[in-house]
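Here is a model to work through by question and answer. Have the sequence and the coordinates at hand.

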Protein chains: 2
Amino acid sequence: MAVTIKEVAKLANTSTAAVSAALNGTRSKSIRVSEATRERIYAAAAQLGYLSNPVARSLATGKSKVLGLMLPYVEAFTDHNPFCAQVTNGIMSEMVRRHYNLMLYTGGAAADGSHAATLVDSRVDGVILVMPPADSPLFLKCESRHIPYVSILREQLEGTWSVNADDLEGGRIATAHLASMGHTRIAHLKGGEGITTTAPRLAGYRRALMEASLPVDNTLVFDAGFDWRGGYHVAQKMLAMPKPNRPTAFFAANDLCAEGAMRAIREAGMSIPNDIAIVGYDDTWFATMTQPTLTSVRMPIDEMGALAVQMLVDRVEGRIPADPLPVLPVSLTVRASCGSLQPQMSS
Amino acid sequence: MAVTIKEVAKLANTSTAAVSAALNGTRSKSIRVSEATRERIYAAAAQLGYLSNPVARSLATGKSKVLGLMLPYVEAFTDHNPFCAQVTNGIMSEMVRRHYNLMLYTGGAAADGSHAATLVDSRVDGVILVMPPADSPLFLKCESRHIPYVSILREQLEGTWSVNADDLEGGRIATAHLASMGHTRIAHLKGGEGITTTAPRLAGYRRALMEASLPVDNTLVFDAGFDWRGGYHVAQKMLAMPKPNRPTAFFAANDLCAEGAMRAIREAGMSIPNDIAIVGYDDTWFATMTQPTLTSVRMPIDEMGALAVQMLVDRVEGRIPADPLPVLPVSLTVRASCGSLQPQMSS
DNA sequence: TCCAATTGATTAAGCGATTTATCAAAGAGG
DNA sequence: CCTCTTTGATAAATCGCTTAATCAATTGGA
């Protein structure tokens, strides 16, 4: 079938060991290849169209040059969370750059860990876990199989590796921005329980309120579960509040959730940002597609993905990542949805 | 390190061949395992926590149970084409169901075929090519390596395997719907050259015009290249036309492109659907998120992905797919953007 | 009763690489 | 001139699993 190293060796009139060493550029004391032999080997390989078999190499070396990517939901690329789609971009790009391949797994947040089974697959050198639930069985699985892993957006724990963004600061600047626009009743559509980012974003929200000397009113905080539907329903509930209590601004824990709220606001016949101002979170491509465009807390998502790959590759290749728990800075991308801009701004 | 078949064999007091056969349920004439031995083997495997090494199995069998998925762009999951994101869902789900793993490759549409190199990787049993350019080098690469492949949305050619949707009919019903609403100047924002779906959708558009006895005016057809920016710019150009020539309805070859056009329409101070009606294509989750919600031609995207997996698995496992070139039916999902619905409808 | 077929299991040969141990020849140093 | 090191290369073991070849012990049919 396919041409093997043996055939190359025969044609080049040498041994498979020499071919292997020549093609891989191996330079150890026990095996070396002269310039002349190397040329013969290259020529033979080219002539036969030799391509090394990665499976055989994997078996021999115990390394596969494949990294797993575990996304929390099957629908991670569509309507579940644009963050996942974007972070996958960053991860993919960096993997290509590092000459690693990507094996995709989804459903990492499934409580039964069903899909997780396939992950425990000695074909991958390591795994990136995106937004794993705090009690995910995947951690144990990876550990028992000695598969190194790096998480993205996971609670920072001693002895683990995780890339995070400064969620507390994100919650703070989003809320502070709304407060600076004069809003005094700012609601928070928070993320789901069990998701790492929920608590710090909420804490940031509270801190900003305190810093602005506004009351911290827990009746203005609702669990919207990070999805469109949640944002929609929670917003409907809040808009139904009687006038003096009704919030005039929303801080949503997620862009998708913000869009759900925007739909509810429009359906209630109110205008954004005149009646209700709104700030989202993640600042994915999606935030530029809403109407009006959405002010959103920006995380350096691509860099987060790339950094996770770097850290994982470091671990796989036996190096120690400089910082096991990096926290990347966030910023606020101001668009039309919070009223601080002239209307009709683009992206 | 990890426990191997040998250790299981030793503990169960039998041979590795028996262990392999028992664990795989192999039933050939040359190897069989009695009930008693099977039990011992199961017990030993369980006790040791044995997990078979897929790399070793791959090497021995020549099959990897891994399928490649080649997407046309690196940004396939974000702002490039929601179709890709959605079809990936369908593919992933079906692969899980079939116990195959998914290796992800992107950039399949890159002219230099750069990323394609890694695809020629004997680790995968087969590949799914999503929207490959007509002249993609990938076809030859796969063929020279004897890697079976199935395309999604590729020109239908004798001797190839491809899952398609009825693009001509899609173009027709989209345009016919606009014509039935009384529009006489319907513009088409067509897809890029070299993409398979561009021509049939355009042909469908023309056929519908003819069926409605409307003139086929080529000045109303523009290449919007399937992306947001293209839709935006083309729409701007069309809206700048003097009144009697200016189209009153757009048929965009893609939802993203339609959203670009919608932005241009809003910025021009016109209303959708009152001033301009618009119909998109793909009917991905994204079409429900626009404002107003977007009427769009629906393809059974998940089914297309699942069908491609089925066909590929059939080929990989030596069966012959029933129909090598299935064409799936399309339909029109009517929403608010074309004026045939009361305003304020949801999804 | 005898030979053939079946059952249950083992041994060993791959699969296609990497890598260690080993060795011959050449060059260096005293 | 002899030993020591370096250079260049090979043979063979190994990675963990599958499977063909083989074989002993039963079973069954005529």
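Q: Which residues are closest to DNA strand C?
A: The model is predicted. In it, 35 residues surround DNA strand C. By class they divide into 16 nonpolar, 16 polar and three charged. The closest are T4(A), A17(A), S20(A), A60(A) and S34(B).

Q: Which elements give two or more residues to the surface near DNA strand C?
A: Both chains take part. Chain A contributes through α2 and α4. From chain B the elements are α2 (16–24), α3 (35–48) and α4 (54–61).

Q: Which residues come nearest to DNA strand D?
A: Around DNA strand D there are 34 residues. They comprise 16 nonpolar, 16 polar and two charged. At least two residues each are supplied by α2, α3 and α4 of chain A and by α2 and α4 of chain B. Nearest come S34(A), I5(B), A17(B), S20(B) and A60(B).

Q: Which residues of α3(A) make the contact with α2(A)?
A: From α2(A) come A18(A), V19(A), A22(A) and L23(A). The residues of this contact divide into six nonpolar, one polar and one charged. The α3(A) side consists of T37(A), R38(A), I41(A) and A45(A).

Q: Which element gives the largest share of the side of chain B that touches chain A?
A: The contact takes 38 residues from chain B and 39 residues from chain A. On the chain B side, α4, α5 (82–97), β2 (101–105) and α11 (255–267) give two or more residues. That side has 17 nonpolar, 15 polar and six charged residues. Its largest share is seven residues, from α5(B).

Q: What span does helix α12 of chain A reach from its first C-alpha to its last?
A: Helix α12 covers residues 301–316, which is 16 residues. At 1.5 Å a residue, 22 Å is expected. The helix comes close to that, reaching 23 Å.

Q: Which elements do the buried residues of α12(A) pack against?
A: The buried residues include I301(A), M304(A), L307(A) and L312(A). After the helix comes G318(A), with a positive phi near 85 degrees. The packing partners of the buried residues, in chain A, are β1 (66–70), α5 (82–97), β3 (126–130), β4 (149–152), β5 (162–165) and β11 (327–328).

Q: What is omega for the peptide bond from Q291(B) to P292(B)?
A: P292(B) is in the loop between β9 (277–282) and β10 (295–298) of chain B. In chain A, the bond from Q291(A) to P292(A) is cis, with omega near 0 degrees. The bond from Q291(B) to P292(B) is cis, with omega near -5 degrees.

Q: Is H99(B) buried or exposed?
A: H99(B) sits in the loop between α5 and β2 of chain B. Its phi is positive, near 60 degrees. A residue with 12 or fewer C-beta neighbours counts as exposed. H99(B) has 9 inside 10 Å, so H99(B) is exposed.

Q: Is L153(B) buried or exposed?
A: L153(B) is in the loop between β4 (149–152) and β5 (162–165) of chain B. Phi of L153(B) is positive, near 60 degrees. Burial needs 20 or more other C-beta atoms within 10 Å. L153(B) has 22, so L153(B) is buried.

Technical notes: Residues numbered from 1 in each chain as written. Chains lettered and ligands numbered in written order. Predicted model: local features only at pLDDT ≥ 70, side-chain atom pairs only at ≥ 80, totals over all residues. Contact = placed C-beta atoms within 7 Å. Helix = DSSP H or I, 4+ residues; strand = E, 2+ residues; numbered from the N terminus. Nonpolar A, V, L, I, M, F, W, Y, C, P; charged D, E, K, R; others polar. Near = placed C-beta within 6 Å. Expected span 1.5 Å × (residues − 1).
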